[in-house]
Amino acid sequence: MRSVRQICGFLTALALIVSFVAPVRAEEETEAYADDESAAMGAAYYMGTPSAEDSEAEALIIDAEPEEIPPEETEPAETEAAADSFDWTEVYTHEFPLYSQLDYPNQRYGSGTVATSGCSITSLAMVASYLTGHTYYPDELADYFGGYGENNVQRFEYGAQQLKLPIHKANTVLDVFAAIKNGDVAVLLMDHMSIFTDTQHFIVLTGINEETGKIMVYDSYPPNYEKWDLKRGFVEGFEEKDLMLGYSGGWIFSVRGMPEDPFIYTEEKPEADPRYGVDLAWEEQQLLAKLIWLEARGESSEGQQAVAEVVLNRLVSGRFGDTLAEVIYGEDQFRTTPFLDDAEAWQAQYEAIDAALDGPNILPMDVMYFATYPENEQVWGQIGGHIFCYG
């Protein structure tokens, strides 16, 4: 009997020890689990996910009945990422216009018209209108900037600079994609290898389609919207690989770089009284523009206008012929006349004619000669590479 009592006492003591130690071990295991979970999650505890302390407390009261406590309304903690975020809606609420270059078949631009070669200036008009909130039309910008530069890339860049838009040329197409994902807009130049053109063509990248994650494109050439391989892209967006094919260059416009009060470009021409009193037919304008192209296409706008004025001075003087054709084709008058049929006049030459006809004028009406050397001793002066003389 005594042995039985001793055994029972021993078992009772052992049970008490176990009941005391078990919760402590459970608590230690729970703490270790919480620590491991916190370490495993790492950066996942971010912006509303539970912290390590929350996990530990939750693990220790698994068996407790939850109390019905109304949630506190607290401001979310500002993280480094949140502090660096940017609310694009505060910067831009302007509509992104879609212009068609084909709406301007009679507006001169570069070596043609906006309809034939104005995808660059039409794209610039879309971007400029969007960024500034001021409506710029393609024919308006073509009139401002179409006479500058020797190609459409130069005219596009010159126009963007004159409009004071935050533009920079992309190093690679990947830079363009990164900028678009950052909320900026871009213009791409595509070549004949692209799905957009058989020659060269400018397109506008307006942003990301939130539903598809693809890049949205505005195209100034309406027939492209009817092509079977482009239709869906204009609605859903284009894959990056679609835009990499045939990529020839890109320009990024920084939305964040736009000032609150954007610069608005205006061009005021000085008032002047036209002095020649002649109306040139379209064929005569073409002929004179070709002559200016041959004689002075590398000169400044003033230098080209001065060449136009020499021809008009001769015309109104009556000493070199009664018509423009007689003046230009007169024997030994202009050394470039044999090449007129092959000349390709640009908008700059037509603008030189307009400036000469409308004024203000550069040369006196009795200046009749120009060359790279003095034609006589009566020198009026020099503009660029040409010396102008009285006649």
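Two strands are taken to pair if DSSP finds at least two bridges between them, and the strands themselves (E, at least two residues), like the helices (H or I, at least four), are DSSP runs numbered from the N terminus. In β10, for instance, Tyr390 is the bridge partner of Val367. This is a predicted model, in which local features need pLDDT of at least 70 and side-chain atom pairs count only at pLDDT 80 or more, while totals for chains, interfaces and linings use all residues. Residues are numbered from 1 along each chain as its sequence is written, and side-chain values use heavy atoms, with hydrogens and water left out.

**Strands around β10**

- Strand β8 (residues 367-371) pairs with β10 in the antiparallel sense over four bridges.
- Strand β9 (residues 379-383) also pairs with β10 in the antiparallel sense over four bridges, and Gly381 has Phe388 as its bridge partner in β10.
- β9 and β10 form a hairpin with two residues between them, and Gly384 in the turn has a positive phi of about 65°.
- Of the five residues of β10 (residues 386-390), four are buried, which is to say under 20% relative accessible area with a 1.4 Å probe and protein chains only.

**The largest pocket**

- The largest pocket holds about 860 Å³ of space, a volume being the space filled by probe spheres set on grid points that are joined across faces, edges and corners.
- A pocket is an open set of points, on a 1 Å grid over the protein atoms alone, where a 1.4 Å probe fits, with protein on both sides within 12 Å along at least five of seven lines, and its lining residues have an atom within 4 Å of a point.
- Among the 32 lining residues, Tyr148, Lys269, Ser301, Glu351 and Ala355 are the closest to the centre of the largest pocket.
- Helix α15 gives the largest share of the lining, seven residues.

Conventions:
Buried < 20%, exposed > 50% of the residue type's maximum accessible area, 1.4 Å probe, protein only.
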